[in-house]
Structures are given as C-alpha cells and as structure tokens.
Amino acid sequence: MKYLIKTGKLYQIDNGRPGAKLACLKPPYYPVKKTIISPDGRIKLYADVKNCQDSKRNRDQLYILSDSLNQTILSGRPVYTRKLLLLGGIAANQIKLTMDHRPYNLYMKSCQEYCIMDENSWVAARLEHNPKGGGWLVESDPVFTPFILMGLFIFCRYLDKNNEFLTEMENHSDE
C-alpha cells in the first residue's frame with residue numbers, strides 16, 4: 001500500500017495522487033504526546049515517550065502507541081550508539097519495536113529515510129521525505145493500519161529529535 005503524510009494527515013495514494021484521508025494528527029502538534037484521530041475526529045491512538053523507571057541510565061526511553069483505553073498497541077526502545085564527538089554524545093538510529101508480541105526494527109537511514117523491518121529482515125514499511133511535493137511517502141504492508149503508520153511516523157520524528165542536539169554539536173565542532 002502507498003500513502004502520503006502531509007501536514008499531519010495520512011492519505012492513501014490512488015493512481016499516483018493523494019486520495020482518501022485515512023488518519024490525522026490532532027492539533028496542537030507541539031506536545032510530546034500526540035493524538036491520532038480518524039478523519040471524522042474520533043480518537044484512535046496516542047503516541048508518547050516515557051522515561052524508563054527501571055533503567056540505570058537517564059536517557060532510556062520507551063516509545064508507546066496506545067489506544068483510548070490506555071492499552072499498548074506497539075512499543076519500542078531506541079538503540080543508542082556512541083558517536084565520536086568532543087563531548088562524548090550518544091545517538092539513536094534504531095528503535096526495537098514490539099507489536100502483537102512480534103519484533104520489528106525501525107531503522108533511521110537518514111533524517112529523511114526510515115524503514116521498518118520484521119524479524120526476517122523483510123521491509124514491512126518504508127518512509128521517505130518527498131523532496132518534490134513535500135510531506136512523506138510511505139510504502140507499507142497491510143500489517144500496519146493507517147493509524148499505526150501515523151504512530152510509526154511520529155516515532156521517526158521522535159528519533160530525529162533525539163539526535164537533533166548531537167547533529168548541532170557535530171556542526172559546531174567543525175567550525
């Protein structure tokens with residue numbers, strides 16, 4: 001299935017053009033906890049970041065996609081890698097996900113390209129920034145509903161935000 005995410009809305013691609021709107025982000029867009037709604041305004045899912053209570057390190061976070069009854073639909077933990085920075089920064093380029101007791105990995109190839117793979121290395125979804133028309137192009141297996149795809153998109157944005165500070169530090173260290 002092919003989709004386009006633009007201005008907080010997910011559209012199915014029909015004949016190469018955006019068709020029916022399938023899922024939306026509820027404004028305002030700036031809080032960390034995001035609300036994913038149906039086109040008619042019904043709340044479907046919440047995407048949020050929680051700090052892990054059982055962790056020895058402060059940076060450990062859990063990305064959670066939950067329904068309106070607060071039941072977890074999908075969750076994931078960022079995987080951090082050491083970056084060679086002057087201040088010893090740590091970046092995340094992967095999220096280990098679990099949905100219906102099945103593992104997936106969300107990989108950040110760049111801040112404009114992400115892929116979600118299952119345990120057999122099958123690409124279940126791919127998200128790429130659309131340089132020509134703006135927004136994000138999404139290709140996905142039907143295993144992910146449009147609402148879950150919006151949640152995965154939000155997880156990609158969380159991951160990018162996690163790394164934003166380190167990218168700024170890298171740019172300043174080159175000066």
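Q: Is Arg 102 buried, exposed or partly exposed?
A: Arg 102 has a relative accessible area of 33%, so it counts as partly exposed (buried means under 20%, exposed over 50%, and partly exposed in between, using a 1.4 Å probe and protein chains only). Keep in mind that this is a predicted model, where local features need pLDDT of at least 70, side-chain atom pairs count only at pLDDT 80 or more, and totals for chains, interfaces and linings use all residues. Residues are numbered from 1 along each chain as its sequence is written, and side-chain values use heavy atoms, with hydrogens and water left out.

Q: Which residue forms a salt bridge with Arg 102?
A: A salt bridge needs a side-chain nitrogen of Lys or Arg within 4 Å of a carboxyl oxygen of Asp or Glu. Here the partner is Asp 118, with the closest N and O atoms 4.0 Å apart. Asp 118 sits in strand S10 and Arg 102 in strand S9 (residues 102-110), so the bridge ties together parts that are 16 residues apart in sequence. Asp 118 itself is buried, at 12% relative accessible area.

Q: How many salt bridges are there?
A: The count comes to 5. One of them joins Asp 40 and Arg 42, at 3.0 Å from N to O. Asp 40 is exposed at 54% relative accessibility, while Arg 42 is partly exposed at 48%. Another links Asp 48 with Lys 50, at 3.4 Å; Asp 48 is buried at 13%, and Lys 50 is partly exposed at 41%.

Q: How many aromatic pairs does the structure hold, and how do I read one?
A: You describe a pair of aromatic rings by the distance of the centres and the angle of the planes. Rings of Phe, Tyr and Trp (its six-membered ring) pair if their centres lie within 6.5 Å; planes under 30 degrees apart are stacked, over 60 edge-to-face, and the rest tilted. This structure holds 6 such pairs. Take Tyr 114 and Trp 136: they are 6.0 Å centre to centre with 50° between the planes, a tilted pair. Tyr 114 lies in strand S10 (residues 113-118) and Trp 136 in strand S12 (residues 136-140), so this pair ties together parts 22 residues apart in sequence. Both Tyr 114 and Trp 136 are buried.

Q: What about Phe 155 and Tyr 158: stacked or tilted?
A: Their centres are 6.2 Å apart and their planes at 25°, so they're stacked. They are 3 residues apart in helix H1 (residues 146-173), so about one helical turn separates them. Together with Tyr 63, Phe 155 and Tyr 158 form one aromatic cluster.

Key. Helix = DSSP H or I, 4+ residues; strand = E, 2+ residues; numbered from the N terminus.
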